[in-house]
Amino acid sequence: DLTPDEVVGIILDKYKAGLTECHEELIKRNASASGKVTVAFTVTKIGKPTDVAAKGFDTALDACIKTKVAGWRFPGPKDSDGKATTASFKITLALQAE
(Lines give C-alpha, C1' and ligand atoms only; values in the text may rest on other atoms or scores of the structure.)
Protein backbone atom coordinates (compact mmCIF):
# COMPACT_ATOMS: atom_id res chain seq x y z
CA ASP A 1 0.00 0.00 0.00
CA LEU A 2 3.04 2.32 -0.12
CA THR A 3 2.50 4.08 -3.45
CA PRO A 4 5.04 5.87 -5.67
CA ASP A 5 3.17 9.14 -5.02
CA GLU A 6 3.52 8.66 -1.27
CA VAL A 7 7.23 7.93 -1.64
CA VAL A 8 7.75 11.08 -3.73
CA GLY A 9 5.77 13.10 -1.18
CA ILE A 10 7.92 11.80 1.69
CA ILE A 11 11.10 12.55 -0.26
CA LEU A 12 9.97 16.11 -0.97
CA ASP A 13 8.79 16.70 2.61
CA LYS A 14 11.60 15.06 4.56
CA TYR A 15 14.60 14.40 2.35
CA LYS A 16 14.81 17.13 -0.28
CA ALA A 17 17.39 19.07 1.77
CA GLY A 18 19.80 16.11 1.63
CA LEU A 19 19.45 15.87 -2.13
CA THR A 20 20.08 19.61 -2.36
CA GLU A 21 23.26 19.20 -0.27
CA CYS A 22 24.55 16.59 -2.72
CA HIS A 23 23.80 18.83 -5.69
CA GLU A 24 25.37 21.88 -4.03
CA GLU A 25 28.61 19.94 -3.48
CA LEU A 26 28.69 19.22 -7.21
CA ILE A 27 27.92 22.85 -8.07
CA LYS A 28 31.05 23.88 -6.12
CA ARG A 29 33.03 21.91 -8.72
CA ASN A 30 30.86 22.67 -11.74
CA ALA A 31 28.64 25.75 -11.49
CA SER A 32 26.35 24.70 -14.33
CA ALA A 33 25.84 21.07 -13.22
CA SER A 34 22.30 20.08 -14.15
CA GLY A 35 20.64 16.90 -15.24
CA LYS A 36 18.61 13.89 -14.25
CA VAL A 37 19.42 11.18 -11.73
CA THR A 38 17.46 7.94 -11.57
CA VAL A 39 17.23 6.48 -8.09
CA ALA A 40 16.08 2.91 -7.53
CA PHE A 41 15.57 1.17 -4.19
CA THR A 42 13.50 -1.41 -2.38
CA VAL A 43 11.71 -0.53 0.85
CA THR A 44 11.88 -3.39 3.36
CA LYS A 45 9.07 -4.53 5.62
CA ILE A 46 10.36 -2.15 8.30
CA GLY A 47 10.65 0.83 5.94
CA LYS A 48 14.39 0.81 5.30
CA PRO A 49 15.70 1.28 1.74
CA THR A 50 17.94 -1.50 0.42
CA ASP A 51 19.44 -2.30 -2.98
CA VAL A 52 19.92 1.44 -3.50
CA ALA A 53 21.22 2.60 -6.89
CA ALA A 54 21.65 6.10 -8.30
CA LYS A 55 22.64 6.80 -11.90
CA GLY A 56 22.85 10.22 -13.43
CA PHE A 57 25.24 12.73 -14.88
CA ASP A 58 28.02 12.70 -12.22
CA THR A 59 29.45 9.73 -10.33
CA ALA A 60 30.22 11.71 -7.15
CA LEU A 61 26.66 13.04 -7.10
CA ASP A 62 25.35 9.51 -7.60
CA ALA A 63 27.42 8.27 -4.65
CA CYS A 64 26.22 11.11 -2.42
CA ILE A 65 22.57 10.49 -3.29
CA LYS A 66 22.99 6.75 -2.76
CA THR A 67 24.35 7.41 0.74
CA LYS A 68 21.46 9.76 1.55
CA VAL A 69 18.81 7.32 0.30
CA ALA A 70 20.27 4.51 2.42
CA GLY A 71 19.48 6.60 5.51
CA TRP A 72 15.90 7.41 4.59
CA ARG A 73 12.91 5.77 6.27
CA PHE A 74 9.42 5.08 4.95
CA PRO A 75 6.30 3.45 6.34
CA GLY A 76 6.64 -0.33 6.02
CA PRO A 77 4.76 -1.45 2.89
CA LYS A 78 1.87 -3.86 3.22
CA ASP A 79 0.26 -6.16 0.70
CA SER A 80 -3.44 -6.22 -0.16
CA ASP A 81 -4.08 -8.43 2.90
CA GLY A 82 -2.36 -5.96 5.21
CA LYS A 83 0.72 -8.14 5.71
CA ALA A 84 4.20 -6.59 5.76
CA THR A 85 5.99 -6.87 2.43
CA THR A 86 8.65 -5.12 0.37
CA ALA A 87 8.14 -2.59 -2.41
CA SER A 88 10.52 -1.40 -5.13
CA PHE A 89 10.63 2.11 -6.55
CA LYS A 90 12.42 3.89 -9.38
CA ILE A 91 12.29 7.68 -9.36
CA THR A 92 13.90 10.19 -11.69
CA LEU A 93 15.06 13.47 -10.16
CA ALA A 94 15.73 16.59 -12.20
CA LEU A 95 18.48 18.71 -10.65
CA GLN A 96 19.15 22.18 -12.02
CA ALA A 97 21.79 24.75 -11.24
CA GLU A 98 20.40 28.18 -10.55
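A residue counts as exposed when its relative accessible area is over 50%. In this predicted model, A17 has a relative accessible area of 52%, so A17 is exposed. Helix α1, residues 4-29, holds A17. Along the chain, W72 lies 55 residues from A17. The C-alpha atoms of the two are separated by 12 Å.

**The sheet**

Three strands make up an open sheet. Their order is β2-β1-β3, and the pairing is antiparallel. β2 (49-55) and β3 (87-95) stand at the edges. Each has a single partner strand, so one side of each is left without a neighbour in the sheet. On average, neighbouring strands are turned by 15° against each other, direction ignored.

Strands of a sheet pair through backbone hydrogen bonds, either parallel or antiparallel. Strand β1 covers residues 35-43. Five bridges join β1 to β2, and the two run antiparallel. V39 has A54 in β2 as its bridge partner.

**The helices on the sheet**

Both helices in the table pack on the sheet.

| Helix | Strands touched | Angle between directions |
|---|---|---|
| α1 | β1 and β3 | about 45° with β3 |
| α2 (residues 59-70) | β1, β2 and β3 | about 160° with β2 |

Helix α1, which carries the exposed A17, touches β1 and β3. Its direction makes about 45° with that of the edge strand β3. Helix α2 touches β1, β2 and β3.

Note on methods:
Residues are numbered from 1 along each chain as its sequence is written. This is a predicted model: local features need pLDDT of at least 70, side-chain atom pairs count only at pLDDT 80 or more; totals for chains, interfaces and linings use all residues. Side-chain values use heavy atoms; hydrogens and water are left out. Helices (H or I, at least four residues) and strands (E, at least two) are DSSP runs, numbered from the N terminus. Buried means under 20% relative accessible area, exposed over 50%, partly exposed in between (1.4 Å probe, protein chains only). Two strands pair if DSSP finds at least two bridges between them. Axes are lines fitted to C-alpha atoms, for helices over the stretch in contact, and angles run from 0 to 180 degrees between N-to-C directions. Contact means heavy atoms within 4.5 Å.
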